[in-house]
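Please read the points below with the structure open beside you. They go through it part by part.

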Amino acid sequence: MRRFPLVLSVVLASIALSAWFAHQRSLTPEAPPSPDPAAAIERTAEPAQPERTRETIQVQPRETLMALLRRLGLDAPGAYALVERLRAAGVNPRAIRARDRLELERDAAGELVAVKYAPTAWRRFEAELMDGEWQAERIDVKPEVRIEVREGRIENSLWDAVDSGAVDAQTILDLVGIFESDFDFASDTQPGDRFELLIESRYSGGKFVEFGRILGARYRAADKDLVGVGFEVDGRMNYYSPEGESLKKTFLRSPLQFTRISSRFTHRRPHPVLGGVRPHLAIDYAAPTGTPVWAVADATVEFAGRKGGNGIQVLLRHRGGYKTYYNHLSRVARGVRPGARVRQKSVIGYVGSTGLSTGPHLDYRVSVNGRFVNPLSERFLPGDPVPKARRAEFVAHARQTIAQLDASLGPGTPASVAVEAPAAGSAATVRQ
C-alpha cells in the first residue's frame, strides 16, 4: 500500500506524456505525396498556345491607309502614329491602291502588333509595336539576276510572244527599239518570223518577277537575220552589229509604234478623195485616232498647224538636207511650235483624220534637198560605232553573246545550263 501512490503517479505521468505526443502529431501536416513522373511529362508535353496570329488583308476600293488601320481595330491616335512612322520610313500613303495586300500580326488578346507592306518585289516596309510605340523600317530586297535566253515565233504579230508568256510587253517594245532603224515592224513583220533574246531575268526568293535589260537579240525574218549586241559605253547600254556598227541610225524607220501600212510610196495611186491617178510620195500608217507620233530624228520644228488638204501638219527640219512631214494629225503635241528643238522619238503629235482623209491614219513623208524619197528604202547614216579603244573587248563580248543566242537545247539537255554571264548576277540559259 505504501507503493501504490508511487505507481499511480508513474501511470498518470505516462498517460499525460502520451496525450502530449498525440497532440503534437496532430499539429504537424503530412508530407505531400511524391509527384508522378508520368503525369509531369504529360503536363510538359501539352502544346503552348501561340503568342501571335498572322493574316493577310486587302485594301478596299477608295480606302485610305488611315481608314484601313481603323478598320483593323486601331484607335485614331494609334492609326495616325503608325501612318506617320510608315511615312517616315518611306511609304507614300497616297500610293497605296485597292487590292494591295498587307500582312498583319496580332497578339493573344487580338491586338494589332505588326504590319508588313510590300509595294514591289524589291522593297517592303515592316512596322512593329514595341513598348507601346510603333517602329517602322524599309527593307530593300536585292534581286537575283539570271541571264536567260527567251525566244518567240510570230503567228500574227509580235504580241503573240506576250500572249504565250515568253516575254512581257515592255520587252517587245525594247526589242523593237533595238532594230527599229533597220526594220519596220509595222510593214516588214511576217508570220513565221522568229526572235531570240539574251535577257536579264530578275527573281526574288526563287520566283520570277520581271525582265531587265536585253543583252543580245536576234530577229530572223524571211530575208533578214538581224543581230544586236548590247555593250555598255560611258555607262549606257548601246546596241551594235557584230562588227561594232551602231544599230541606232540618225533616222528611225517608222514614226509611230508598229501598226499597219495602208498605202505605200508610189508615183501612181488612185486618189481616194480627189479621184484619178496621182503620185503618193508618202507612207500611210493606219492607226487609231490619238496614237502618238514621234520625231524620227533630232530636228527643229519648221511648221506646226493646219496645212490645207494635209490637215494638221508638223514639218521637221533635220541635218543633211532632210525634212520629214507628218500629216492628218488630230492635234499637235504640247511645246511643238516653229523654232522648237525636238529629240528623236519625242512625241510631236497624234494620229487623226484632218484634211483630205478618209479615215484615221498618218501620212508620213521624207524629202532630201527638196526631193521626196521613199522612207522605207532610204539609207540613213548610222550612229557612232564602238570606240576604237574598246574594239577588242567588244569583239570578245560579241562572240560570247552570239554563241549564247545560237545555243540550242537537244534531247535530254537540262532546262538550264551555266554560262559565263556578260553582266553581274546569276548565270543561266533557259530556252522557252
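**Notes on the predicted model**

1. Asp-298 has a relative accessible area of 33%, so this residue counts as partly exposed. The side chain of Asp-298 meets that of Arg-343 in a salt bridge, with 3.4 Å from N to O. This pair links distant parts of the chain, 45 residues apart: Asp-298 lies in the loop between strand 15 and strand 16, and Arg-343 in the loop between strand 19 (341–342) and strand 20. Arg-343 is exposed, because its relative accessibility is 58%.

2. The mean pLDDT of the chain is 81, with 77% of the residues at 70 or more. Two stretches call for caution. Residues 267–277 have a pLDDT below 50, and in the model this stretch makes 22 contacts beyond near neighbours in sequence. The pLDDT is also below 50 over residues 408–432, a stretch with 58 contacts beyond near neighbours in sequence. Where pLDDT is low, the predicted coordinates should not be read in detail.

3. Now the pairing of strands. Strand 1 (residues 52–58) and strand 2 (residues 101–107) run antiparallel and are joined by 7 bridges. Strand 2 is also antiparallel to strand 3 (residues 112–120), with 5 bridges between them. Arg-106 can be followed through both pairings: Arg-106 in strand 2 is the bridge partner of Thr-53, and in strand 3 the bridge partner of Arg-106 is Leu-112. The hairpin of strand 2 and strand 3 has 4 residues between the strands, and Gly-110 there takes a positive phi near 90°.

4. Which residues touch the most other members of the largest nonpolar core? They are Tyr-285, Leu-316, Tyr-326, Ile-348 and Leu-362, out of 34 residues in this core. Several strands each supply at least two residues of the core, among them strand 14 (283–286), strand 16 (299–306), strand 17 and strand 18 (322–332). Strand 21 gives the largest share, 4 residues.

5. Leaving aside neighbours within four places in sequence, Leu-316 is in contact with residues including Ala-295, Val-301, Tyr-322, Tyr-326, Val-342 and Ile-348. The contacts of Leu-316 also include Thr-300, Glu-302 and Lys-323. A second, separate core has 29 residues, including Leu-158, Val-167, Ile-172 and Phe-183.

6. Back to charged side chains. The structure holds 26 salt bridges. In one of them, Arg-213 pairs with Glu-200, and the closest N and O atoms are 2.8 Å apart. Arg-213 is in strand 8 (residues 207–220) and Glu-200 in strand 7 (residues 194–204), 13 residues apart. Is Glu-200 buried or exposed? Glu-200 is buried, because its relative accessibility is 6%. Arg-213, at 28% relative accessibility, is partly exposed.

7. Glu-393 and Arg-390 also form a salt bridge through their side chains, at 3.0 Å from N to O. Glu-393 is partly exposed at 44% relative accessibility, and Arg-390 is partly exposed with a relative accessible area of 25%. Elsewhere, salt bridges with shared partners join Glu-196, Arg-218, Arg-220, Asp-225 and Asp-406 into one network.

Technical notes. Residues are numbered from 1 along each chain as its sequence is written. This is a predicted model: local features need pLDDT of at least 70, side-chain atom pairs count only at pLDDT 80 or more; totals for chains, interfaces and linings use all residues. Side-chain values use heavy atoms; hydrogens and water are left out. pLDDT is the predictor's confidence in each residue, from 0 to 100. Contact means heavy atoms within 4.5 Å. Two strands pair if DSSP finds at least two bridges between them. A nonpolar core is a set of buried Ala, Val, Leu, Ile, Met, Phe, Trp, Tyr and Cys residues joined through side-chain atoms within 4.5 Å. Buried means under 20% relative accessible area, exposed over 50%, partly exposed in between (1.4 Å probe, protein chains only). A salt bridge is a side-chain nitrogen of Lys or Arg within 4 Å of a carboxyl oxygen of Asp or Glu.
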